[in-house]
Amino acid sequence: MENRILGQRYELVEQLGHGGMGTVYRAHDHRLRRTVAVKTLSAELALQPEFLSRFQREAHAAAALNHPGVATVHDVGEDASGGVAEPYLVMEYVEGTTLSHVLKGGALPPAQAADVVGQVLEALEHSHRHAIVHRDIKPANVMLAGTGRIKVVDFGIAKALSEVATRLTGTGVAVGTPAYLAPEQIKGGDTDHRTDLYAVGCLLYELLTGRPPYTGDSPFSVMHQHLTADPVPPSRLRPELPPAVDAVIVRALHKDRADRFADAAAMRTALSAAARATPPAPVPTPTARDPRAGAVVPAAVASPAPPDEVPAPRPARRRPGRVVFRPTAEGAVALLGCLLSLVISRSDVMEGSAFSRVALLAAVSGGVLLLWSARLACAVAWGPVAEAVAVFSELARSYIGWDTKYVILALMLGVAAALCLAAGYRDERAGGFALVAFWFTALTALWFFLDDVRKVGVFYVLLLGVPLAIGAQVLKSRTRPPSPVPSAGPHAAVPHVEAAPAGRRRAR
Ligand SMILES: Nc1ncnc2c1ncn2[C@@H]1O[C@H](COP(=O)(O)OP(=O)(O)OP(=O)(O)O)[C@@H](O)[C@H]1O
Ligand SMILES: [Mg+2]
C-alpha cells in the first residue's frame, strides 16, 4: 500500500504515536529531502470556526524559535484529500524517547532530573523571550535523545487548542491531562510564562519521585488539588533529596503566579544550586562515604519560598570518623589501585625488598582508608603502581639524554602533575581520579629529571606527603563548621543546605 502524502510533499512513513490532539508520524519531506515529524490534528478541530487561522498563527510564531532545546516547527498546512480539511504541523524529527516513556522505568537519579529540567528551562527561557508560552509542558512533550540532550515538542499547539477549548467548554481546561495544569489554566484565567514554570515544577516533581504532585481518582479531584492543596514535599517520598530541592518545587508550585519564580532563568539558577546540594547517585561498587555528605553547601536558591512553607535546614552533627558504604566509581578505582599495589608487592617487577614492603603497606592502608575516603585511598594506593610503570617507561634520561623535545615533554608532564594534584586536593567529590593521573604524570616526569638515588627518595617523600595533605584536607572538610548563610534577596529564607547522607538529613 502506498504511503499517504500530505500537501504533495510530506510522505507519512510510520506512525510514531497518538496523543490527545492527533497522530504523529515520521515522514519524508520530498522537497527538502529530509526526515520530519508530522502531526495531523483531528478533523473535528478543523470544523471549529477560526481554528485553522489560529493554528497557523501560533505555528508561525513557534516557527520563529531557534534553540537546541526546542523541536523546530517547519511548516503548517491542511490536507483536504479526504474531503475534510485536516490540519497538520510539520516539525523537526527528534530521535529519542519521551520523558513519559522514561518515567515508566521509575524516577530519575536526582542529578539527571535536575539536568533534564535545567535544559527544559533553558528552552523556555528562549521561547519566553519570544513571548511564546508553551502551556502544555509535560513528560510526553519532552523528548530525551541518547546524548542526554532534550527537546521540547508541541510549541504553539496548546495555545491554539486552548482557545478552541475555551469556546467549547467555557474554560481552557480541555487541553491535555490535568496532572500539570496550573491553577490559572483550570480557572480559565490569563496564562503567562509563569504558567509554564508551574508545569516545570510538576515535571521536576514527577522525575524525582515517579509521580506527579497531585493524583486522584478523577480529573476533577486532581484539578481541585491544584487549586487548593499543598504538595507532599518530594523529600518525604525520596529522603535523599535535600530541602533546597523541595524549596524549588514548592516555589514553582505556588497557586499564585506572583509567588512563583519570576522567570525560567531564576528557576534554573535555583535548581542548579539545589542540585549541587544533592548527594551524587550511587554506582554499584563498594567504597567509602561520599565526601560531600556532611558538608555544608550554600543553597543559592534565588528567592526561596517563605519560611512557613519551606523548612529551613539544620546543620547535622558531623562525625568525621563515620564509615558509610556507598558505591562510587571513584571507590572502584581506589580498590583497583589497592589490588595492583598488592600484586606489585608480591611480584618481582621491582628490585628491592624495601619497595615491595612499601607497596604492600600502600595496598593495605589504601584498603583501610577506602572505608573513610575513596580519594585518600587513591592518593595512597596508586603511588607504587605509577612508580612501577615509570620504571619501565622509555622516557628515562639515562637512555635518551637531554634531548630538547624530551625535556619539553617531561616538563609538560610535570605541569600536568601539578594541575592534577591541585584538582585532587580541591575536588572533594571526584578528586581521586585526578590523584591517579597525578601519580602517573608526576613519576614519569621525575624519572626523566632525577638520578636514581634522588628519584627514589623523592618518590617516598611524595608517597608520604600527598596522602597526608589529602587526609588533612578530608578531615578539615568534614569537621568544618556550618558556613554563614548567603543572602539571596528579600526572600532569602533558606539559608543553607546540609547535604547529609540519605535518610539522615534534617532541617532547621
Ligand atoms: N517531533 C517529534 N519527533 C519524534 N517523535 C515525536 C515528535 N513529536 C511527537 N513524537 C512522538 O509521537 C508521540 C505522540 O505525540 P503527541 O504529541 O501526539 O502525544 P502526547 O504528547 O502524548 O499528547 P498531546 O496530544 O497531549 O500532545 C510522542 O509520544 C512521541 O513519541
Ligand atoms: Mg505531544
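**Briefing: ligand shell, helix pairs and selected loop residues**

By class, 10 nonpolar, 8 polar and 3 charged residues form the shell around ligand 1, where Ala, Val, Leu, Ile, Met, Phe, Trp, Tyr, Cys and Pro count as nonpolar, Asp, Glu, Lys and Arg as charged, and the others, Gly among them, as polar. This is a predicted model, in which local features need pLDDT of at least 70 and side-chain atom pairs count only at pLDDT 80 or more, while totals for chains, interfaces and linings use all residues. Residues are numbered from 1 along each chain as its sequence is written, and chains are lettered from A and ligands numbered from 1 in the order in which they are written.

**Overall fold**

- The protein chain has 18 helices and 11 strands, these being DSSP runs numbered from the N terminus (helices: H or I, at least four residues; strands: E, at least two).
- Of the 508 residues in the protein chain, 46% are buried; a residue is buried if 20 or more other C-beta atoms lie within 10 Å of its own, exposed if 12 or fewer, and partly exposed in between, with C-beta atoms placed from the backbone.
- Among contacts in the protein chain between residues at least 6 apart in sequence, 70% join residues at least 24 apart, a contact requiring that the two C-beta atoms, placed from the backbone, lie within 7 Å.

- Gly-17, Gly-19, Val-24, Ala-37 and Ala-140 come nearest of the 21 residues around ligand 1, a residue being near a molecule or strand if its C-beta atom, placed from the backbone, lies within 6 Å of it.
- The elements giving two or more residues to this shell are β2 (10–18), β3 (22–29), β4 (34–41) and β6 (86–92), and β2 gives the most, with 3 residues.

- The axes of α10 (residues 243–252) and α11 (residues 264–276) come within 8 Å and cross at roughly 160°, the axes being lines fitted to C-alpha atoms, for helices over the stretch in contact, with angles running from 0 to 180 degrees between N-to-C directions.
- That angle makes α10 roughly antiparallel to α11, since angles under 35 degrees count as roughly parallel, over 145 as roughly antiparallel, 65 to 115 as roughly perpendicular and the rest as oblique.
- Ala-244, Val-245, Ala-247, Val-248 and Ala-252 of α10 make the contact with Met-267, Ala-270, Leu-271, Ala-273 and Ala-274 of α11, and by class this contact has 10 nonpolar, no polar and no charged residues.
- His-254 lies in the loop between α10 and α11, and His-254 is buried, because 21 other C-beta atoms lie within 10 Å.
- Not counting residues up to four places away in sequence, His-254 touches Asp-259 and Arg-260, whereas His-254 and Asp-230, 24 residues apart in sequence, are 8.6 Å apart in space, C-alpha to C-alpha.

**Helices α16 and α17**

- The axes of α16 (residues 404–426) and α17 (residues 431–449) come within 7 Å and cross at roughly 150°, which makes α16 roughly antiparallel to α17.
- The residues that meet include Tyr-406 and Ala-410 in α16 and Phe-448 and Phe-449 in α17, and by class the contact has 17 nonpolar, 5 polar and 1 charged residues.

**Positive phi values**

- Most residues other than glycine have a negative phi.
- Gln-8, in the loop between β1 (5–6) and β2, has a positive phi near 55° and is exposed, with 10 other C-beta atoms within 10 Å.
- Arg-33, in the loop between β3 and β4, has a positive phi near 50° and counts as exposed, with 7 C-beta neighbours inside 10 Å.
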